[in-house]
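Opening the notebook on a new model today. I'll jot down what I look up as I go.

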Amino acid sequence: MLLLSVVFSGCSSKPTPQQAQAKKTDAVVQKDFQPVMDVRSVTEKTRQVYRRYCAQCHGVKGHGDGINAPYLVVPPRDHTKSDYLETRSDQQLFDVIKLGGLAVGRAPCMPAWEHTFENKTIRSLVNYIRELCDCKAL
Ligand code: HEC
């Protein structure tokens with residue numbers, strides 16, 4: 001019986017001082033992470049996503065020369081062309097990736113990715129395109 005009560009007290013809803021302390025530290029760590037998440041910085045995952053999902057049309061380096069490119073009626077956008085991409089806002093790039101070409105008055109062969117990626121991944125893709133073109137919205 002003594003043993004049982006020890007076991008039960010281990011998972012009681014009232015946290016021991018150590019547990020309370022642990023919870024506090026967790027919260028601090030999470031809060032510290034927040035700004036990093038907001039930047040939606042380009043990570044290795046972003047590059048992987050681009051290679052896996054975008055490169056077939058846009059090319060591994062973003063030059064618009066992926067293996068599917070010759071078969072498309074409208075050529076995939078060259079993501080290294082800064083003079084064009086400077087005329088697009090980050091929001092416009094976000095929308096075309098999320099909702100697809102058709103939704104923003106572009107060719108329907110640019111697919112919509114809203115069911116594939118979370119918004120934060122799409123934001124990091126926008127940042128990655130900014131890296132490829134080495135440009136910002138003017
Ligand atoms: C099936 C081929 C295909 C795939 C896969 C594809 N795209 Fe595209 N994408 C296109 C085509 C074609 C266009 C050009 C549309 C136009 O100019 O009307 C385009 C255009 C774009 C544009 C520029 C839109 C503009 O303002 O002109 C962006 C940004 C873009 N794609 C991002 C991506 C990203 C990011 C991915 C991967 C998640 C991706 N694309 C995957 C075919 C593709």
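Is Ser-124 buried or exposed? I start here, keeping in mind that this is a predicted model. I count 22 other C-beta atoms within 10 Å of Ser-124. The cut-off for buried is 20 or more, so Ser-124 is buried.

**Entry: around Ser-124**

I looked up where Ser-124 sits, and it is in helix H6. Next I wanted its contacts, leaving aside neighbours within four places in sequence. I get Arg-40, Ser-41, Val-42, Thr-43 and Thr-46. I checked Val-42 by C-alpha as well: its C-alpha atom and that of Ser-124 are separated by 5.3 Å, though the two residues are 82 apart along the chain.

**Entry: the overall fold**

I stepped back to the whole protein. I find six helices and zero strands, so from the N terminus on I write the order down as α-α-α-α-α-α. The protein has 138 residues, and buried ones make up 17% of them; Ser-124 belongs to that buried set. I also looked at sequence separation. Taking contacts between residues at least 6 apart in sequence, I see that 51% join residues at least 24 apart.

**Entry: the nonpolar core**

Which residues have the most contacts inside the largest nonpolar core? My list reads Tyr-50, Leu-93, Ile-97, Leu-125, Val-126, Tyr-128 and Ile-129, in a core of 15 residues. The elements that give two or more residues to this core are H3, H5 and H6. H6 has the largest share, with six residues.

Not counting residues up to four places away in sequence, Val-126 touches Asp-90, Leu-93, Phe-94 and Ile-97. Two of these partners, Leu-93 and Ile-97, are also on my list of residues with the most contacts inside the core.

**Entry: the ligand shell**

Last, I went to the ligand. I find 23 residues around it, and those that come nearest are Cys-54, Cys-57, Arg-106, Ala-107 and Met-110. By class I note 16 nonpolar, four polar and three charged residues in the shell.

Which helices each supply at least two residues of the shell? I have H3 (44–58), H5 (90–99) and H6 (119–133). The largest share is five residues, and it comes from H3. I note that H3, H5 and H6 turned up in the core entry too, each giving two or more residues there.

Notes:
Residues are numbered from 1 along each chain as its sequence is written. This is a predicted model: local features need pLDDT of at least 70, side-chain atom pairs count only at pLDDT 80 or more; totals for chains, interfaces and linings use all residues. A residue is near a molecule or strand if its C-beta atom, placed from the backbone, lies within 6 Å of it. Helices (H or I, at least four residues) and strands (E, at least two) are DSSP runs, numbered from the N terminus. Ala, Val, Leu, Ile, Met, Phe, Trp, Tyr, Cys and Pro count as nonpolar, Asp, Glu, Lys and Arg as charged, and the others, Gly among them, as polar. A nonpolar core is a set of buried Ala, Val, Leu, Ile, Met, Phe, Trp, Tyr and Cys residues joined through C-beta atoms within 7 Å. A residue is buried if 20 or more other C-beta atoms lie within 10 Å of its own, exposed if 12 or fewer, and partly exposed in between; C-beta atoms are placed from the backbone. Two residues are in contact if their C-beta atoms, placed from the backbone, lie within 7 Å.
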